[in-house]
Amino acid sequence: MKSKDNNEHTQTGLEKEIQTDFQKSMSYGDYLHLDKILSSQHRLSDHHDEMLFIIIHQASELWMKLILHELAAATECIRQNKLEPSFKMLSRVSRIQQQLIQSWSVLSTLTPSEYMEFRDKLGQSSGFQSYQNRLIEFALGNKNIHMLSVYQHQTDLSEQMMHALHEPSIYDAAIHALVARGLPIDQEAIGRDVSQKYEPNASVEEAWLTVYRDVEQYWDLYELAEKLVDIGNQQQLWRFNHVSTVERIIGHKQGTGGSSGVTYLKKVLDQQFFPELWSLRTKL
């Protein structure tokens, strides 16, 4: 004969061992702090589609946080000449970037007329001000000290950005990995001011060419190079989809943050990451 407890579990469709009492233990929602996350969507208008706009950008910032987490760890591995552990991290970054790229297709379901219903509520806030996106650009080697002026109203954030500006990028770490393997690199590239945007260097291109011409000897460096190419390519795709989505929704209007909007974003497309890893393909 079944006990009352077993009957109750059978009737509710729950297995007997499933935990249902969380008075003294941590639940799924507790662990993820869902009360904070899911109560952070505050519409400034009554328009239905503003919720989409908020969630897309909040979710993107969470993915960017993970990208920075992975890039920092991968860069440290490369600095320590432990290339193989970095490959998993860099592959993960590429997959995250795919999620970010796909998010633009969701946002593109927002029509121009719908966006105009709440755009004025955004004030001067703009995706241009995303400090995490700027940190990703810095981590990949696209440094620009002038961008820090956007964050000067927040002392702690401004200091974090300045610190990131003066940290070697993942590409700087990769170039030092070439040196560690005995490949000749000009001092100009090795001892450069890492707070400046990376500029192409002939000796770096020649070193990567050596790697690509002797894959068996330099397999780990070759794999590292291709992981970086994947990330650089995905970042460009993200930028392109950003431009396309913005143009689809607001045309060539000025951005809410004061930029020229689509015109500015198209200029950004010309800023390439890891230049020698692209130029060598012509010479290989």
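1. A search of the whole structure finds 11 salt bridges, a salt bridge being a side-chain nitrogen of Lys or Arg within 4 Å of a carboxyl oxygen of Asp or Glu. The structure is a predicted model, in which local features need pLDDT of at least 70, side-chain atom pairs count only at pLDDT 80 or more, and totals for chains, interfaces and linings use all residues. Residues are numbered from 1 along each chain as its sequence is written, and side-chain values use heavy atoms, with hydrogens and water left out.

2. E70 and R92 form a salt bridge through their side chains, at 3.0 Å from N to O. E70 belongs to helix α4 (residues 50–79) and R92 to helix α5 (residues 83–107), so the pair ties together parts 22 residues apart in sequence. Helices here are DSSP runs of H or I with at least four residues, numbered from the N terminus. E70 is buried, with a relative accessible area of 6%, whereas R92 is partly exposed at 36%. Buried means under 20% relative accessible area, exposed over 50%, and partly exposed in between (1.4 Å probe, protein chains only).

3. R192 pairs with D172 in a salt bridge whose closest N and O atoms are 2.9 Å apart. This pair links distant parts of the chain, 20 residues apart: R192 lies in the loop between α10 (187–190) and α11 (202–213), and D172 in helix α9 (residues 170–180). Both R192 and D172 are buried.

4. Salt bridges that share partners join E76, R79 and E167 into one network. Within helix α4, R79 and E76 are 3 residues apart, about one helical turn, and their side chains meet in a salt bridge of 3.6 Å, N to O. R79 is partly exposed, at 40% relative accessible area, and E76 is partly exposed, at 34%.

Methods
Helices (H or I, at least four residues) and strands (E, at least two) are DSSP runs, numbered from the N terminus.
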